[in-house]
Amino acid sequence: MNPEIRGIHHITAIAGDPQRNIDFYAGLLGLRLVKRTVNFDDPGAYHFYYGDETGRPGTILTFFSWPGSPQGRRGTGQVIAAAFAVPEASLDYWAERFKAHKVPFEEPLSRFGENSIAFYDPDGLQLEMTGVSGSGYGIPWREGPVPPEHAVRGLHSATLSEEGYERTAALLAETLGFRLGGQEENRFRYEAGTGGPRAIVDVVCLPAAPPGRIAAGTVHHIAWRTPDDEDQKAWRRRIAGLGYYVSPVLDRQYFRSIYFRETGGVLFEIATDPPGFTADEPSEALGQSLKLPPWLEANRRCIEADLPDIVLPGRESDFGRSSYNSPSK
Ligand code: ZN
């Protein structure tokens with residue numbers, strides 16, 4: 001039996017200043033910081049994971065923070081936008097919130113029957129709030145600064161920009177098991193598993209656009225969900241068998257990962273659902289203190305001394321240390 005991709009596991013992007021990143025995602029967007037750790041391949045840099053209450057797969061957006069990093073460029077061979085799911089009646093709330101905090105955002109647009117507002121984080125990363133109807137697509141983080149009725153319900157989808165879409169489309173449809181859910185002009189919508197929010201990826205074909213450059217304000221990679229280690233091994237065999245260079249299985253502490261680059265240039269990861277973010281701290285303590293994997297624990301003092309101090313924003317009252325001036329795009 002073929003293994004199954006259940007949807008998006010997480011999306012990882014690059015940020016500059018860590019405090020500005022926390023103020024925006026935990027403070028302004030009201031996501032929960034579910035893990036405060038370092039980039040395992042570069043322990044001098046923070047790695048933040050934001051998500052719902054426990055950081056369930058499909059709710060997770062993560063950042064490598066490299067202060068002073070040059071500005072990236074959005075372009076082909078990249079994930080050019082990450083969308084969050086919010087109740088459709090909450091889009092006005094979000095537009096008001098963006099206005100009040102001087103977050104650059106665009107007029108709502110309709111796509112595949114849903115309305116979205118595009119906006120930009122302080123590093124220039126393009127994000128979207130997509131209004132979804134019905135319920136059952138996620139549990140909001142209730143302790144954040146955003147009223148639960150308007151709060152983000154996890155990821156909705158990701159948009160891949162490709163110079164030519166056919167080979168990426170073939171990989172998604174013929175190998176990874178996505179199905180074509182629709183097409184609007186040059187945008188092809190694919191859905192995994194049961195479909196809907198967290199299982200949607202749009203491929204946009206932009207043959208004349210320049211290639212992207214990955215640095216601050218751009219997405220580093222996108223990870224797809226696999227239920228367990230066995231399925232992940234099956235994926236590894238299958239994808240390597242197609243001629244892709246696939247990494248060995250890497251222990252990311254909160255999931256295990258394999259990586260490969262699709263032909264259009266986007267770095268794909270396949271990540272296991274278990275063990276999740278409560279692997280090394282209880283649910284109520286998530287994100288409060290710096291967690292390190294066992295192999296870096298011996299260097300904790302050195303690592304901590306090198307990292308900039310950060311403060312987790314509380315409820316609305318003490319939110320807003322940073323300014324949200326228009327980022328350079
Ligand atoms: Zn990842």
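Me: Which residues does Gln 288 touch, not counting residues up to four places away in sequence?

Reply: A contact means heavy atoms within 4.5 Å, and by that reading Gln 288 touches Arg 36 and Leu 312. This is a predicted model, in which local features need pLDDT of at least 70 and side-chain atom pairs count only at pLDDT 80 or more, while totals for chains, interfaces and linings use all residues. Residues are numbered from 1 along each chain as its sequence is written, and side-chain values use heavy atoms, with hydrogens and water left out.

Me: Where does Gln 288 lie, and how far is its C-alpha atom from that of Asp 52?

Reply: Gln 288 is found in the loop between β16 and α5, where helices (H or I, at least four residues) and strands (E, at least two) are DSSP runs numbered from the N terminus. Although Gln 288 and Asp 52 are 236 residues apart along the chain, their C-alpha atoms are separated by 15 Å. With 48% relative accessibility, Gln 288 counts as partly exposed, since buried means under 20% relative accessible area, exposed over 50%, and partly exposed in between (1.4 Å probe, protein chains only).

Me: Which residues coordinate the zinc ion?

Reply: Donors are N, O and S atoms within 2.8 Å of the metal (3.2 Å for Na, K and Ca), and because water is not among the atoms, sites may look incomplete. Here the zinc ion is coordinated at 1.9 to 2.0 Å by His 10 (NE2), His 221 (NE2) and Glu 269 (OE). His 10 belongs to strand β1 (residues 8-15) and His 221 to strand β13 (residues 219-226), so this pair ties together parts that are 211 residues apart in sequence. Both His 10 and His 221 are buried.

Me: Which residues of helix α2 are buried, and what do they pack against?

Reply: An α-helix has 3.6 residues a turn, so residues three or four places apart point the same way. In helix α2 (residues 91-100), the buried residues are Leu 91, Trp 94, Ala 95, Arg 97 and Phe 98. Seen down the axis of α2, they fall within an arc of 165 degrees (taken from the directions from the helix axis to the C-beta atoms), so they line one face of the helix. That buried set packs against α1 (18-28), β5 (78-87), β7 (114-120) and β8 (126-132), whereas Asp 92, Lys 99 and Ala 100, on the other side of α2, are exposed.

Me: What is the order of the strands in the open sheet of eight strands?

Reply: Two strands pair if DSSP finds at least two bridges between them. The order is β6-β7-β8-β5-β9-β12-β11-β10, and the pairing is mixed. At the edges stand β6 (109-111) and β10 (179-184), each pairing on one side only. Strands β5 and β9 (residues 155-162) run antiparallel and are joined by six bridges, and in β9 the bridge partner of Gln 78 is Ser 161.

Me: Which residues have a positive phi, and where is the cis peptide bond?

Reply: Most residues other than glycine have a negative phi, and most peptide bonds are trans. Glu 185 has a positive phi near 50 degrees; this residue sits in the loop between β10 and β11 and is exposed at 73% relative accessibility. Arg 198 has a positive phi near 80 degrees, lies in the loop between β11 and β12, and is buried, with a relative accessible area of 16%. The cis peptide bond joins Pro 274 and Pro 275, with omega about 5 degrees.
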